[in-house]
Structure formats: structure tokens, C-alpha cells
Amino acid sequence: MILWALSFVTLLAAPVFAAQGSLVTPEQALSDPNQEARAQNLAREIRCVVCENEPVALSSAQIALDMRKAIRERITAGDSDAQVRRFFAERYGEFVLLRPRLGLDTLALWGTPLALLLMGGAGLYWVSRRKEIGPEIAPELQDDEVRAALKEYQLSDLND
């Protein structure tokens with residue numbers, strides 16, 4: 001019985017181990033250590049388009065392997081780090097950069113919550129200052145007016 005169970009588990013696990021082995025392919029490191037260091041740094045700054053919020057350096061997806069290869073090709077061709085980032089941003093959009101460039105759209109994205117928070121704080125301050133003033137005090141009435149109002153109230157009470 002144990003032999004059957006082990007055989008069954010082995011048959012189920014074999015495709016998983018085979019798939020893991022095919023996902024990890026050895027990459028050709030660049031001959032220049034400075035270029036290789038640049039390639040690795042860029043691979044940590046560029047997001048995998050398949051994996052959520054994972055840099056291509058850590059992803060095992062096929063497109064991440066292709067993106068790492070493209071990074072090395074661009075560096076070998078003589079592109080600067082900024083040119084490599086721009087290449088991927090033009091191809092996949094600004095989302096591919098883990099640290100997007102500073103522009104009006106990113107300022108609006110980060111500035112809007114701050115502006116809303118400040119406006120909410122100002123509104124709360126304004127409301128709290130308004131409540132501190134307190135209710136309006138009724139104007140002082142003359143004794144004759146108070147007596148007339150009291151008689152009118154008493155008469156209306158008797159008529160009901």
C-alpha cells in the first residue's frame with residue numbers, strides 16, 4: 001500500500017519538477033563586470049509585465065527572461081540606463097518602471113491625496129471653529145413684552 005502511495009505521489013510530482021527545471025535557464029552574463037552590474041540593477045528596476053509588482057530580476061516568467069535578455073542586448077549595444085528604461089517605458093508604458101519618471105501625471109497621482117487630506121483638515125478646522133462660537137443669544141426683551149407674551153400664551157392655553 002505504501003509503495004502504491006509513493007508511486008502515485010511521484011507520478012504527480014514529476015511534471016512539477018520538470019516544469020521548474022525548464023523555467024530556470026542559465027543566462028549568459030556579460031563579460032564586462034560593470035555592464036553586468038548595470039544589467040542586474042536595471043533588472044531590479046523594471047517590472048515584469050506578467051507578474052504583479054515583481055521585478056524581472058526575480059521573476060521566472062518567460063517574458064521576464066526575454067526582458068532580461070533585452071536589457072543585456074541594449075547595454076551591449078551601448079545604451080545608457082536612461083535609454084534602456086525609456087525603451088521599456090515606450091514599449092510597455094510607464095507601469096513597467098518600478099520608479100516612474102517624475103511628470104505632471106505622477107505629481108497629480110501623488111499630490112491629489114495630499115491635497116484632499118489638507119482640504120479635509122481645513123474643513124474640519126472650519127467646522128470646529130464655527131461650533132465654538134455657540135448658539136445665538138436671544139435679544140433681551142422688555143418686561144412689558146414678556147408680560148404680554150405670557151398673557152397671550154395663557155389665553156391660548158385656556159382656549160384649547
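A salt bridge here is a side-chain nitrogen of Lys or Arg within 4 Å of a carboxyl oxygen of Asp or Glu. By that rule, the structure holds six of them. Keep in mind that this is a predicted model, where local features need pLDDT of at least 70, side-chain atom pairs count only at pLDDT 80 or more, and totals for chains, interfaces and linings use all residues. Numbering starts from 1 along each chain as its sequence is written, and side-chain values use heavy atoms, with hydrogens and water left out.

**H2 against H4**

- Helices (DSSP runs of H or I, at least four residues, numbered from the N terminus) H2 (residues 33-45) and H4 (residues 81-92) have axes that come within 11 Å and cross at roughly 35°.
- Those axes are lines fitted to C-alpha atoms over the stretch in contact, with angles running from 0 to 180 degrees between N-to-C directions.
- Arg38, Leu42 and Glu45 in H2 meet Asp81, Val84 and Arg85 in H4, contact being heavy atoms within 4.5 Å.
- Sorted by class, this H2–H4 contact has two nonpolar, no polar and four charged residues.

- Glu45 and Arg85 pair up through their side chains in a salt bridge, at 2.7 Å from N to O.
- Glu45 sits in H2 and Arg85 in H4, so the pair ties together parts 40 residues apart in sequence.

Methods. Helices (H or I, at least four residues) and strands (E, at least two) are DSSP runs, numbered from the N terminus. Ala, Val, Leu, Ile, Met, Phe, Trp, Tyr, Cys and Pro count as nonpolar, Asp, Glu, Lys and Arg as charged, and the others, Gly among them, as polar.
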